[in-house]
Amino acid sequence: YLVFFRTRSTLYAGALVLFVIVSGSGVVGGAEKAIPGDALYSIKINVNEKVAETLADTTHEKAELSAKLATRRADEALTLLAAGKLDEDTATYLEGELATHVEESNQAATALEIEGDVAGSLAVRTELGEDLAERAQALEPVAVADAPAATMMMKAAIAPESESVPP
């Protein structure tokens, strides 16, 4: 026995701390795959993504993170669409979040150019443009007559954003 675990109460306290750490990291990790409507989605956007934003120290990291979050919102829309669960409210929410993250990424990319990192700015803008164009292409087979309004809203949101980011 270690000296630390000689008393029963100390053993229980240590086990409790270990349980909190392990279970907490499981929830946070599990939230990464959550989509709108899932129980863990609010943890994903209000905890995981806020922590990532706080940890993004450099302008380049902020630009990349915003681009990643924009792509993530588009992926969530596509996942919901494939499952037949993309309703108008969720599409409107994701459309707004997508636009916000694209704008944040573009602002950070512009700041990179001002700082003299033109190559970094171009890399971020190019990757975001390619990622969104790929997602817009996935929506191409959706015919206007067959698509619910939510699908068309997301299609309209992703396509112009991918065109506004230079390849």
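Histidine 101 lies in helix H4, which spans residues 88–114. In this predicted model, histidine 101 counts as buried because its relative accessible area is 5%, below the 20% cut-off for that class. Setting aside residues up to four places away in sequence, histidine 101 touches Ser66, Leu69, Ala70 and Arg73.

**Overall fold**

The chain contains six helices and zero strands, giving the pattern α-α-α-α-α-α along the sequence. Of its 167 residues, 35% are buried. Among contacts between residues at least 6 apart in sequence, 65% join residues at least 24 apart. The accessible surface of the chain amounts to about 9,700 Å², and carbon and sulfur atoms account for 61% of that area.

In soluble globular proteins, nonpolar side chains tend to be buried together. The largest nonpolar core here has 11 residues: Ala63, Ala67, Ala70, Ala74, Leu98, Val102, Ala108, Leu112, Val124, Leu128 and Leu132. Helix H3 (59–82), H4 and helix H5 (118–139) each contribute at least two residues to this core. A second, separate core has nine residues, among them Ala34, Ile35, Ile45 and Ala91.

Alanine 63, a member of the largest core, is in contact with Ser105, Ala108, Ala109, Leu112 and Val124 when its neighbours within four places in sequence are left aside. Ala70 also belongs to the largest core, and Ala70 is one of the residues touched by histidine 101.

**Helix H5**

Helix H5 has 22 residues and reaches 32 Å from its first C-alpha to its last, close to the 32 Å expected at 1.5 Å a residue. Its buried residues are Gly120, Ser121, Val124, Arg125, Thr126, Leu128, Gly129, Leu132, Arg135, Ala136 and Leu139. This list includes two arginines, Arg125 and Arg135, as well as Val124, Leu128 and Leu132, which are part of the largest core. An α-helix has 3.6 residues a turn, so residues three or four places apart point the same way.

**A nonpolar surface patch**

Val47, Val51 and Leu55 form a nonpolar patch on the surface, and their accessible area together is about 260 Å². Valine 47 is found in helix H2, residues 41–55. Valine 47 counts as partly exposed because its relative accessibility is 37%, which lies between the 20% and 50% cut-offs.

The two residues with individual accessibility values are set out below.

| Residue | Relative accessible area | Class |
|---|---|---|
| Histidine 101 | 5% | buried |
| Valine 47 | 37% | partly exposed |

How values were computed. Residues are numbered from 1 along each chain as its sequence is written. This is a predicted model: local features need pLDDT of at least 70, side-chain atom pairs count only at pLDDT 80 or more; totals for chains, interfaces and linings use all residues. Side-chain values use heavy atoms; hydrogens and water are left out. Patches are made of residues with over 30% relative accessible area and no salt bridge: like charges are joined within 9 Å, nonpolar side chains (Val, Leu, Ile, Met, Phe, Trp, Tyr) within 5 Å. Accessible areas come from the Shrake-Rupley method with a 1.4 Å probe; for residues, only the protein chains shown count as cover. A salt bridge is a side-chain nitrogen of Lys or Arg within 4 Å of a carboxyl oxygen of Asp or Glu. Helices (H or I, at least four residues) and strands (E, at least two) are DSSP runs, numbered from the N terminus. Buried means under 20% relative accessible area, exposed over 50%, partly exposed in between (1.4 Å probe, protein chains only). Contact means heavy atoms within 4.5 Å. A nonpolar core is a set of buried Ala, Val, Leu, Ile, Met, Phe, Trp, Tyr and Cys residues joined through side-chain atoms within 4.5 Å. The expected span of a helix is 1.5 Å times one less than its number of residues.
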